[in-house]
Every structure is written in C-alpha cells, then in structure tokens.
Amino acid sequence: MYEESNPDKLRTNLNGRLKGLHDLFEADLISDTTLASQLLELIASRDAKTFWDITMKKDITARRMLTMLDDPQRWKEDSSSSEDDRQRILKQRLTGVFFSTEDSDKYVLEMLLDIANLPHFESIVYSRNSKPTLKKSGAKLSILD
C-alpha cells in the first residue's frame, strides 16, 4: 500500500501545509481556535497517517515511553481526563508545539504526529477519518419492542 508513497514528498507536502497555517496565523487571518482545529485536521489527514506509518510507526513504543518519561505527571493527567477534556488538551498541545521556537521547523511535524499517536489522543485523531456511513441497514429495534 505504501510502496508508491515517497516519505520525502509527504514530508514536503505536510511541512508546506504547516507553513501555510503559520502564514495565515501570522497575518491574523485565523484565530487560535481555528488554528488548533486545522492542526488537528492536518495530522488526521491520509498523508500524515501514511507518513507516520512509513517513517515513525516502527518506533512507536520508544516514542511513547520517552513522552511518558519526559513528563509522567502530564501523562497521568492526560490519560485519566475525560474525552471532552482530552480533545481540548490535544488542541492545546498541538498549538504549543506549533509555536515552539526552540525546536527546528523540521521537527515540528514529527512532534505533532508523536502527540497524535499517544494512546490517550489516538482515538480522537483517527476517528475523524472514519466517519459513519449515512446508509441505513436493517430494521432497528428498541428496548420497548
């Protein structure tokens, strides 16, 4: 499935989209909320998932362990928070990484994808692409039947 996908091309495309978001935000054309939502859409995209699968997934356990060891308290708070809070926390983390000045631009994409693939955020990110079908099938029964 991924044989035809070039990781360098995917990275260039995704980094271009990140730069576009940065330019829009710097020009004050989008708000913090819109930026956070767009970052979430970007990391949930097929290109981002493919890039993750090709280049980073093989190290998923090590990446998760490093994140957990880096800030165990934050890990505990994130993993024990409610689903609504997790979505808010995820968006905060994404914008925090996006605005980090100490990190090189070439690592921002990887850091965003690392956050997206943490066990407590993974379901939020990847459930966005598996939208339920509108096709109705079969009869529906209620408890009263």
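Modeller: Residues are numbered from 1 along each chain. In this predicted model local features need pLDDT of at least 70, side-chain atom pairs count only at pLDDT 80 or more, while totals for chains, interfaces and linings use all residues, and side-chain values use heavy atoms, without hydrogens and water.

Biologist: Why is the pair of Phe25 and Phe99 called tilted?

Modeller: Rings of Phe, Tyr and Trp (its six-membered ring) pair if their centres lie within 6.5 Å; planes under 30 degrees apart count as stacked, over 60 as edge-to-face and the rest as tilted. The centres of Phe25 and Phe99 are 5.0 Å apart and the planes stand at 50 degrees, so this pair is tilted.

Biologist: What makes the pair of Phe98 and Phe99 edge-to-face?

Modeller: The angle between the planes of Phe98 and Phe99 is 70 degrees, with 5.4 Å centre to centre, and planes over 60 degrees apart count as edge-to-face. Together, ring pairs link Phe25, Phe98 and Phe99 into a cluster.

Biologist: Why does Phe98 count as buried?

Modeller: Buried means under 20% relative accessible area, exposed over 50%, and partly exposed in between (1.4 Å probe, protein chains only). Phe98 has 9%, so Phe98 is buried. Phe99, at 35%, is therefore partly exposed.

Biologist: How do you know that Lys49 lies over the face of Tyr126?

Modeller: A charge sits over a ring if NZ of Lys or CZ of Arg is within 6 Å of the ring centre and within 35 degrees of the ring normal. Lys49 is 4.8 Å from the ring centre of Tyr126 and lies over its face.
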